Amino acid sequence: MCKYRRVRNVYTQCGHGVNLPEVEINCELDNCVFSARHPEDCQGEACRNRCWQYHQYPEQYSPNINTLCPACQAAGGAQ
Ligand SMILES: [Zn+2]
Ligand SMILES: [Zn+2]
Ligand SMILES: [Zn+2]
(Lines give C-alpha, C1' and ligand atoms only; values in the text may rest on other atoms or scores of the structure.)
(Ligands and ions follow the chains in the order given, each with its own letter.)
Protein backbone atom coordinates (compact mmCIF):
# COMPACT_ATOMS: atom_id res chain seq x y z
CA MET A 1 0.00 0.00 0.00
CA CYS A 2 1.52 3.25 -1.11
CA LYS A 3 2.27 6.14 1.15
CA TYR A 4 3.73 9.60 1.14
CA ARG A 5 6.99 10.53 2.77
CA ARG A 6 7.23 14.02 4.19
CA VAL A 7 10.63 15.36 5.07
CA ARG A 8 11.24 18.53 7.05
CA ASN A 9 14.91 19.45 7.20
CA VAL A 10 15.81 21.18 10.45
CA TYR A 11 18.89 23.39 10.18
CA THR A 12 20.53 23.46 13.58
CA GLN A 13 22.70 26.54 13.01
CA CYS A 14 19.73 28.86 12.65
CA GLY A 15 16.86 26.71 13.95
CA HIS A 16 14.74 27.02 10.81
CA GLY A 17 12.85 24.13 9.24
CA VAL A 18 12.24 23.62 5.54
CA ASN A 19 9.57 21.27 4.20
CA LEU A 20 10.62 19.26 1.17
CA PRO A 21 8.11 18.25 -1.53
CA GLU A 22 6.08 15.17 -0.65
CA VAL A 23 7.42 11.97 -2.20
CA GLU A 24 5.16 9.04 -3.02
CA ILE A 25 6.59 5.67 -2.00
CA ASN A 26 5.20 3.03 -4.34
CA CYS A 27 4.45 -0.34 -2.75
CA GLU A 28 4.51 -2.21 -6.09
CA LEU A 29 1.75 -4.54 -4.91
CA ASP A 30 -0.86 -5.53 -7.46
CA ASN A 31 -3.69 -5.05 -4.95
CA CYS A 32 -3.20 -1.34 -4.44
CA VAL A 33 -4.83 1.16 -6.82
CA PHE A 34 -1.85 3.55 -6.60
CA SER A 35 0.72 0.89 -7.36
CA ALA A 36 2.67 0.77 -10.61
CA ARG A 37 1.74 -2.92 -10.73
CA HIS A 38 -2.00 -2.52 -10.25
CA PRO A 39 -3.67 -4.24 -13.27
CA GLU A 40 -5.41 -1.89 -15.69
CA ASP A 41 -8.39 -4.24 -15.96
CA CYS A 42 -8.95 -4.22 -12.19
CA GLN A 43 -11.71 -1.65 -11.86
CA GLY A 44 -15.03 -0.87 -10.25
CA GLU A 45 -16.52 -2.97 -7.48
CA ALA A 46 -14.07 -5.87 -7.89
CA CYS A 47 -11.21 -3.45 -7.39
CA ARG A 48 -12.84 -1.85 -4.36
CA ASN A 49 -13.29 -5.29 -2.79
CA ARG A 50 -9.81 -6.51 -3.62
CA CYS A 51 -7.50 -3.54 -3.57
CA TRP A 52 -6.32 -0.84 -1.21
CA GLN A 53 -8.08 2.42 -2.13
CA TYR A 54 -6.20 4.69 0.24
CA HIS A 55 -2.68 5.73 0.95
CA GLN A 56 -1.14 4.54 4.18
CA TYR A 57 -0.47 7.08 6.93
CA PRO A 58 2.45 9.22 5.75
CA GLU A 59 5.98 8.81 7.03
CA GLN A 60 7.43 11.93 8.59
CA TYR A 61 11.12 12.63 8.93
CA SER A 62 12.83 15.64 10.49
CA PRO A 63 16.56 15.17 9.95
CA ASN A 64 18.86 17.66 11.66
CA ILE A 65 21.32 19.31 9.30
CA ASN A 66 24.27 21.09 10.84
CA THR A 67 24.26 24.15 8.56
CA LEU A 68 22.26 27.31 8.06
CA CYS A 69 19.03 26.93 6.12
CA PRO A 70 19.08 27.95 2.42
CA ALA A 71 17.34 31.25 3.14
CA CYS A 72 19.88 32.20 5.81
CA GLN A 73 22.76 31.08 3.58
CA ALA A 74 21.36 33.27 0.81
CA ALA A 75 21.13 36.17 3.27
CA GLY A 76 24.83 35.85 4.00
CA GLY A 77 24.95 33.85 7.23
CA ALA A 78 23.84 34.40 10.82
CA GLN A 79 26.52 36.82 11.97
ZN1 LIG B 1 0.39 0.88 -3.01
ZN1 LIG C 1 -7.75 -2.97 -8.19
ZN1 LIG D 1 17.60 29.92 8.71
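This is a predicted model: local features need pLDDT of at least 70, side-chain atom pairs count only at pLDDT 80 or more; totals for chains, interfaces and linings use all residues.
Arg-5 sits at 29% relative accessibility, so it counts as partly exposed.

**The charged residues on β1**

A search of the whole structure turns up three salt bridges. One of them joins Glu-59 to Arg-5, with the closest N and O atoms 2.9 Å apart. Those two come from distant parts of the chain: Glu-59 is in strand β4 and Arg-5 in strand β1, 54 residues apart. Glu-59 also forms a salt bridge with Lys-3, and here the closest N and O atoms are 2.8 Å apart.

Is Glu-59 buried or exposed? With a relative accessible area of 18%, Glu-59 is buried. Lys-3 also has 18% relative accessibility and counts as buried; the cut-off for that label is under 20%.

The remaining pair is Arg-6 with Glu-22, whose side chains meet in a salt bridge at 2.5 Å, N to O. Arg-6 lies in β1 and Glu-22 in the loop between β2 and β3, so this pair ties together parts that are 16 residues apart in sequence. Arg-6 is partly exposed at 35% relative accessibility, and Glu-22 is partly exposed at 41%. As for Lys-3, Arg-5 and Glu-59, salt bridges with shared partners join them into one network.

**What β1 pairs with**

Strand β1 covers residues 3–11, and several other strands pair with it. The table lists them.

| Partner of β1 | Direction | Bridges | Source |
|---|---|---|---|
| β2 (residues 17–19) | antiparallel | three | |
| β3 (residues 23–25) | antiparallel | three | |
| β4 (residues 56–61) | parallel | four | |
| β5 (residues 64–65) | parallel | two | |

Lys-3 stands opposite Ile-25 in β3, while Arg-5 stands opposite Glu-59 in β4, its salt-bridge partner. Further along, Val-10 faces Gly-17 in β2, and Tyr-11 is opposite Ile-65 in β5. Strands β1 and β2 make a hairpin with five residues between them, and in that turn Gly-15 has a positive phi of about 85°.

Asn-9 is another β1 residue to look at. At 11% relative accessibility it counts as buried. Leaving aside residues up to four places away in sequence, Asn-9 touches His-16, Gly-17, Val-18, Leu-20, Pro-63 and Ile-65.

**The zinc site at the hairpin**

Which residues hold the zinc ion (ligand 3)? Its protein donors are Cys-14 (SG), His-16 (ND1), Cys-69 (SG) and Cys-72 (SG), at 1.8 to 2.4 Å. Along the chain they follow the spacing C-x1-H-x52-C-x2-C. The angles among the four donor atoms run from 104 to 115°, and the site is tetrahedral. For reference, the ideal angle for four tetrahedral donors is 109.5 degrees.

Cys-14 is partly exposed at 25% relative accessibility, and His-16 is partly exposed as well, at 39%. Leu-68, in the loop between β5 and α2 (70–74), counts as buried at 13% relative accessibility. Leu-68 and Gln-13 are 55 residues apart in sequence, yet their C-alpha atoms are 5.0 Å apart in space.

**The other zinc site**

The zinc ion (ligand 2) is coordinated by His-38 (NE2), Cys-42 (SG), Cys-47 (SG) and Cys-51 (SG), at 2.0 to 2.4 Å. The spacing of these donors is H-x3-C-x4-C-x3-C. His-38 is in the loop between β3 and α1 (44–50) and Cys-51 in the loop between α1 and β4, so the pair ties together parts 13 residues apart in sequence.

His-38 is buried, with a relative accessible area of 16%, and Cys-51 is buried at 7%.

Conventions: Residues are numbered from 1 along each chain as its sequence is written. Chains are lettered from A and ligands numbered from 1 in the order in which they are written. Side-chain values use heavy atoms; hydrogens and water are left out. Donors are N, O and S atoms within 2.8 Å of the metal (3.2 Å for Na, K and Ca); water is not among the atoms, so sites may look incomplete. Four donors count as tetrahedral if all angles lie between 85 and 135 degrees; four count as square planar and six as octahedral if opposite donors are over 155 degrees apart and all others between 65 and 115; anything else is irregular. Buried means under 20% relative accessible area, exposed over 50%, partly exposed in between (1.4 Å probe, protein chains only). Two strands pair if DSSP finds at least two bridges between them. Contact means heavy atoms within 4.5 Å. A salt bridge is a side-chain nitrogen of Lys or Arg within 4 Å of a carboxyl oxygen of Asp or Glu.
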